[in-house]
Amino acid sequence: MKIGHISDIHYGKSWMFVERKARKAIERINKEEVDVVVVTGDLTDYGLRDEYKGVKKLLEELSSPYVAVPGNHDARHEGYKIFEEYFGERFFIKKFGRYKFIGLDSSEPDIDEGHVGREQIERMHSSMDSNSVIFLHHHLLPIPNTGRERNILVDAGDILKLLSEYGVKLVLNGHKHVPWVWNINNIVVSTAGTASCERTPYTQSFNIVEIDKKIKIRKINVSDGKEKIIVF
Ligand SMILES: [Fe+2]
Ligand SMILES: [Fe+2]
């Protein structure tokens with residue numbers, strides 16, 4: 001299973017959103033011929049309808065199917081309601097190959113902090129297995145080089161325990177605009193950087209994730225196409 005993992009597009013009118021970079025990332029993902037693209041939130045900058053319209057149009061250029069969950073920016077100004085109009089349910093399960101992709105909404109309207117909550121946890125209990133790939137916006141584990149730790153999921157401990165019990169092998173998230181990978185209790189937790197936002201101390205990037213017996217993560221720089229490979 002080959003997954004394109006793109007995050008934190010931040011589509012909007014701010015100079016910090018660079019449309020050219022978003023397009024470049026999409027072009028490269030199309031060349032990779034992935035089975036599915038996972039978009040882990042902050043698709044928009046302010047959760048506004050025009051931004052949703054713009055980012056939807058952009059994502060329609062993907063030649064593979066894609067799934068998306070909202071981030072804290074998407075939930076601003078009641079944007080989580082518009083998210084549903086453009087991208088469907090905020091909690092969902094979709095099967096690609098033998099993998100069950102479970103999308104979680106970790107956003108709260110006008111709060112930057114992440115939260116999964118009892119309702120989604122119940123639904124995870126009834127649907128999860130070791131072939132589940134979990135994806136959400138907020139980070140489950142601290143990310144180094146991001147300053148003082150904040151916005152981590154308030155229920156991160158419960159979620160990690162649950163994933164460990166069900167033998168989940170892969171979690172994809174975003175939010176910090178800094179790419180990083182942790183391997184904890186045999187769960188690979190991969191945080192993608194931002195694909196097209198200047199609000200990052202690093203270069204814009206996205207990941208190509210291959211999951212089979214092993215998990216291979218290729219972090220690809222949007223500007224020069226150079227990659228770094230991590231295998232678990
Ligand atoms: Fe973001
Ligand atoms: Fe975020």
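## Helices, a core and a few loops

Helix 2 passes helix 3 in a right-handed crossing; that label is used when the near helix is turned clockwise from the far one by less than a right angle, and left-handed when it is turned anticlockwise. This is a predicted model, where local features need pLDDT of at least 70, side-chain atom pairs count only at pLDDT 80 or more, and totals for chains, interfaces and linings use all residues. Residues are numbered from 1 along each chain as its sequence is written, while chains are lettered from A and ligands numbered from 1 in the order in which they are written.

Back to our pair of helices. Two packed helices are described by the angle between their axes and the distance between the axes. Here helix 2 (residues 49-59) and helix 3 (residues 79-87) pack at about 30°, and their axes are 10 Å apart. Helices (H or I, at least four residues) and strands (E, at least two) are DSSP runs, numbered from the N terminus. The axes are lines fitted to C-alpha atoms, for helices over the stretch in contact, and angles run from 0 to 180 degrees between N-to-C directions. Helix 2 and helix 3 are therefore roughly parallel (angles under 35 degrees; over 145 is roughly antiparallel, 65 to 115 roughly perpendicular and the rest oblique).

Which residues in helix 2 and helix 3 meet? Arg49, Tyr52 and Lys56 come from helix 2, and Ile82, Phe83 and Tyr86 from helix 3. This contact of helix 2 with helix 3 divides into 4 nonpolar, no polar and 2 charged residues (Ala, Val, Leu, Ile, Met, Phe, Trp, Tyr, Cys and Pro count as nonpolar, Asp, Glu, Lys and Arg as charged, and the others, Gly among them, as polar).

Now for the inside. The largest nonpolar core has 55 residues, and Val171 is one of those that touch the most other members. A nonpolar core is a set of buried Ala, Val, Leu, Ile, Met, Phe, Trp, Tyr and Cys residues joined through C-beta atoms within 7 Å. Leaving aside neighbours within four places in sequence, Val171 is in contact (C-beta atoms, placed from the backbone, within 7 Å) with Ile134, Leu140, Leu163, Ile187 and Val189.

The cut-offs are 20 or more for buried and 12 or fewer for exposed, with partly exposed in between. With neighbours within four places left out, the contacts of Leu43 are Ile9, Tyr11, Val55, Ala68 and Asp74.

Some pairs are separated along the chain, as you can see here:

| Pair | Apart along the chain | C-alpha to C-alpha |
|---|---|---|
| Leu43 and Gly12 | 31 residues | 9.2 Å |
| His137 and Asp8 | 129 residues | 8.7 Å |
| Lys94 and Ser132 | 38 residues | 9.8 Å |

His137 sits in the loop between strand 6 and helix 5 and counts as buried, with 31 C-beta neighbours inside 10 Å. Lys94, in strand 4 (residues 92-96), is partly exposed, with 14 other C-beta atoms within 10 Å.

Finally, look at the backbone. Most residues other than glycine have a negative phi. Asp110, though, has a positive phi of about 60°, and Asn145 has a positive phi near 60°. Asp110 lies in the loop between strand 5 (99-103) and helix 4 (117-127) and is exposed, with 12 other C-beta atoms within 10 Å. Asn145 is exposed too, with 9 other C-beta atoms within 10 Å.

Key. Two residues are in contact if their C-beta atoms, placed from the backbone, lie within 7 Å.
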